[in-house]
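Please open the model in the viewer and keep the selection panel at hand.

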Amino acid sequence: MRYESITEAIGNTPLVRIDPAVHGLHHIDLYAKLELLNPFGSVKDRAAWNMARPGLTAAAEHGSQVVELSSGNTAKALAVIAGMHGLGFKSVTNRMRIPEIKDLLLLLGADIEELPGQSECLDPTNTEDPLTLFHRELSEPGSSYLHTDQYFNPRNTEAHATGTGPEIVKDLDGRAPDWFVACVGTAGSSTGVARVLREHDPRVQVVGLVAAKSDFIPGIRTLDEVHEVGLFDPATYDTVASVTSDEAIEGMLTLARRCGILAGPTGGAAYYGTVRHLRSLDDELASDQGAGGPVRRSAVFIVCDRIESYLSYTKRRRPDLFRQPARRNDPADLTDAEIAAAPGVETPDAQKWIERDRPLVVDLRSPFAYAALHIEGAINIVDELFDELVRGGLPFSTRQPVLLVCPVGEQSARYAALLTRMGHPDVRSLTGGVIAWRDAGAPLVRD
Ligand SMILES: Cc1ncc(COP(=O)(O)O)c(C=O)c1O
């Protein structure tokens, strides 16, 4: 295979059958579409190239910088494509949570601008999300950027409607599979592929997978966030289901250890979610006799990217896999009842409590948000750091009362429940978080 440019190697990825001895389905052939074999490492290579390509010549003439709101695979692909065309690339994001990808972007020469999202409550008196403001700025006429706009750009979806989808049909000898399963980030890949498959066979069942509520699987949305995505149309999916990060890692391990597919967490989530969805349907097929015995069906799931970028993500959640002691004091292990019973305090009582007993006020939001506005006297320990601290044991003396503060009171309730379980006698969560504090007219200070 000879190419004039690496971009010609984007697409035409293999469709690989998963050994039935591994997935255990008797009447369904399960195939993985290996998007991890794209040249820059992910399904986003297709979208990045399709979105950037029409603007590259003009951008080179004007010396524009390519810019995208991405902290992951789209940014990686765009950084490479921009570099190949003599352009700079800037990734705008609210928090780079995967250190390997951040390092790789820096290595590729990218600029990284980390802006807090609205959920971070940069300034809780301002209802405008800084990311939304930045997005608006980019779309204004005269902007000096080449903004690929993956959350709204139809060329994102089109890359999959002209590439990924038709390739699947071709490799299944001109048929659409009975089920198609994909994780949902921008929704570009699932929407584009689903459109093509349904054109071939309207009976195809499409399953969209997202991360469970308050969980984090890098590259995809949670159940709560998915409706905010511009390209997301609920009509695309027959089912939207969630997968936890633990399940994604389980799926990733099965693919890597038993199938030789070095998938990242969303590939693992797709495998796990597919097999879970199909198990009972497979049992029903046993009794669904065609002329020559039970009818055989097929399913395809997408493996979006590779395992190597997620070693620290995996180690943090499953230290046992790295021969390290099992994780301790993990908020993920709390029961719903424990979280519901977390000691909370409403703003007026919190104000009196601060006045009277001087609890240590710990603000779990990002440093940007804390610097913009916070409760006077609060210290800032960003949630990720706090998470590390509690793994080592109680980070405060049991004689020191503690008030935990976060944007809306969800995270602080989890940590209040956890510290209570760990033996702290007087830790409370600010009910409703900084937003409720602001709405009650209580004072906030700026650094
Ligand atoms: C690792 C990973 N998996 C899955 C997806 C989902 O792809 P899409 O944006 O097409 O929905 C993404 C998107 O960024 C991703 O980075």
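What distance separates the centres of domain 2 and domain 3? Taken over C-alpha atoms, the two centres are 33 Å apart. The model is predicted, so to speak of local features requires pLDDT of at least 70 and side-chain atom pairs count only at pLDDT 80 or more, while totals for chains, interfaces and linings use all residues. Residues are numbered from 1 along each chain as its sequence is written, and side-chain values use heavy atoms, with hydrogens and water left out.

**Domains.** Colour the protein by its assignment: domain 1 takes 6-43 + 155-322, domain 2 takes 46-153, and domain 3 takes 332-439. These bounds come from an automatic or database domain assignment.

Now show distances from the ligand. One of its oxygen atoms is 2.7 Å from a polar backbone atom of Gly 185. An oxygen atom of the ligand also lies 2.7 Å from an N or O atom in the side chain of Ser 189. At Thr 266, a side-chain N or O atom is 2.8 Å from a nitrogen atom of the ligand. Of the 390 Å² of accessible area that the ligand has on its own, the protein covers 95% (Shrake-Rupley method, 1.4 Å probe).

**Asn 156.** Move to helix α7 (residues 154-171), where Asn 156 lies; helices here are DSSP runs (H or I, at least four residues). Asn 156 is buried, with a relative accessible area of 0% (buried means under 20%, with a 1.4 Å probe and protein chains only). A polar atom of its side chain lies 2.9 Å from the backbone oxygen of Gln 150. The side chain of Asn 156 also makes a polar contact of 3.0 Å with that of Thr 186 (N or O atoms within 3.5 Å, one able to donate a hydrogen and the other to accept it; residues adjacent in sequence count only if both atoms are side-chain atoms).

**Cysteines.** Finally, select the cysteines. The structure holds zero disulfides (cysteine sulfur atoms within 2.5 Å). Cys 304 is buried at 9% relative accessibility, and Cys 406 is buried at 2%.

Note on methods:
Buried < 20%, exposed > 50% of the residue type's maximum accessible area, 1.4 Å probe, protein only. Helix = DSSP H or I, 4+ residues; strand = E, 2+ residues; numbered from the N terminus.
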